[in-house]
Amino acid sequence: MRTMLAFLMLSTVAVPAAAQSFVPPPPKVVGLSGPRFGITSLSPGVIEKLAERDIAVRPMISQFGWQFERQFTSRGSGLTAISEWVVLFGGLEQNVALPSLTWLVGLRSSQGAEFGIGPNITPAGTALALAAGVTFRVGAMNVPMNFAVVPSQSGVRVSILSGFTFRR
C-alpha cells in the first residue's frame with residue numbers, strides 16, 4: 001500500500017515537471033524590406049491642416065519610400081506576425097516632400113492576406129493607421145499590394161501602395 005501511495009504521489013509531481021520541459025522552437029525571422037510607391041488621397045481637412053503649415057498640395061499625391069519589415073514565422077497555424085516601419089515622401093510631383101512615418105504590427109496568412117495597425121506621424125499630425133492587403137509571390141520576389149486608411153482629427157488619408165521585396 002505504501003509503495004502504491006508513493007508511486008501515485010511521485011506520478012502527480014512528475015507530470016507537471018515533464019510538461020514544463022517542452023520548449024517550443026523559436027520563431028524564424030525573415031527580412032522583407034523593400035521599396036514602396038503609390039498614391040494617397042487627402043481629404044479637404046488634411047489639405048487645410050497642411051496649408052496652416054504653408055504646405056500647398058492638391059488632393060492626390062504620389063508616395064515613394066521604403067518599408068522595413070520583419071516577419072516572425074512559426075510552424076503550425078499558418079499565420080505569421082509582422083512588424084513594419086514605412087517611411088514615405090509624398091507630393092514629390094508637386095515639388096513638395098511630405099514625410100510620413102508609420103509603424104504597423106499585424107498578421108499575414110499563408111496565402112499572403114495581411115492586416116496591421118499602428119501609429120502614423122506626418123506634418124498634418126499624428127493618427128492611427130489601418131492597413132490591409134495581399135502579398136503575391138513571383139519566384140523569389142514578393143509583390144505587396146496594400147490599402148491604408150488613416151483617420152485623424154483633420155480628416156482622412158487613403159493610400160494604395162505597392163513595391164517589391166526578396167526573401168532573405
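Modeller: Let us start with Glu84, whose relative accessibility is 7%. Buried means under 20% relative accessible area, exposed means over 50%, and partly exposed lies in between (1.4 Å probe, protein chains only), so Glu84 counts as buried.

Biologist: What should I keep in mind about the values themselves?

Modeller: This is a predicted model, in which local features need pLDDT of at least 70 and side-chain atom pairs count only at pLDDT 80 or more, while totals for chains, interfaces and linings use all residues. Residues are numbered from 1 along each chain as its sequence is written, and side-chain values use heavy atoms, with hydrogens and water left out.

Biologist: What makes the contact between Arg108 and Glu84 a salt bridge?

Modeller: The term asks for a side-chain nitrogen of Lys or Arg within 4 Å of a carboxyl oxygen of Asp or Glu. For Arg108 and Glu84 the N to O value is 3.9 Å, so the pair meets that limit. Arg108 lies in strand E5 and Glu84 in strand E4, so the pair ties together parts that are 24 residues apart in sequence. Strands (E, at least two residues) and helices (H or I, at least four) are DSSP runs, numbered from the N terminus.

Biologist: How do you know whether Glu69 is buried or exposed?

Modeller: The relative accessible area of Glu69 is 3%, which puts Glu69 in the buried class. Arg108, with 7%, is buried as well.

Biologist: Why is Asp54 called exposed?

Modeller: Asp54 has a relative accessible area of 74%, and therefore passes the limit for exposed. Asp54 sits in the loop between helix H2 (44-52) and strand E3 (60-73), and its phi is near 60°, a positive value in a residue other than glycine. Asn95, in the loop between E4 and E5, likewise has a positive phi of about 60° although it is not a glycine, and at 75% relative accessibility Asn95 counts as exposed.

Biologist: What makes E4 and E5 a pair of strands?

Modeller: Two strands pair if DSSP finds at least two bridges between them. E4 (residues 80-90) and E5 have 11 bridges, in the antiparallel sense, so they meet the definition. One of the bridge partners is Trp103 in E5, facing Trp85 in the pairing. E5 also pairs with E6 (residues 113-122) in the antiparallel sense, over 6 bridges.

Biologist: Which strand gives the most to the lining of the largest cavity?

Modeller: Strand E5 (residues 98-108) does, with 7 residues. A cavity, on a 1 Å grid over the protein atoms alone, is a set of points where a 1.4 Å probe fits but cannot get out, and lining residues have an atom within 4 Å of a point. The search of the whole structure finds 1 cavity of 30 Å³ or more. Of its 38 lining residues, those closest to the centre are Leu88, Thr102, Ala148, Ser159 and Leu161.

Definitions and conventions: 1 Å grid on protein atoms, 1.4 Å probe; cavity = no way out; pocket = protein on both sides within 12 Å on 5 of 7 lines; lining within 4 Å. Points joined across faces, edges and corners; volume = space filled by probe spheres on them.
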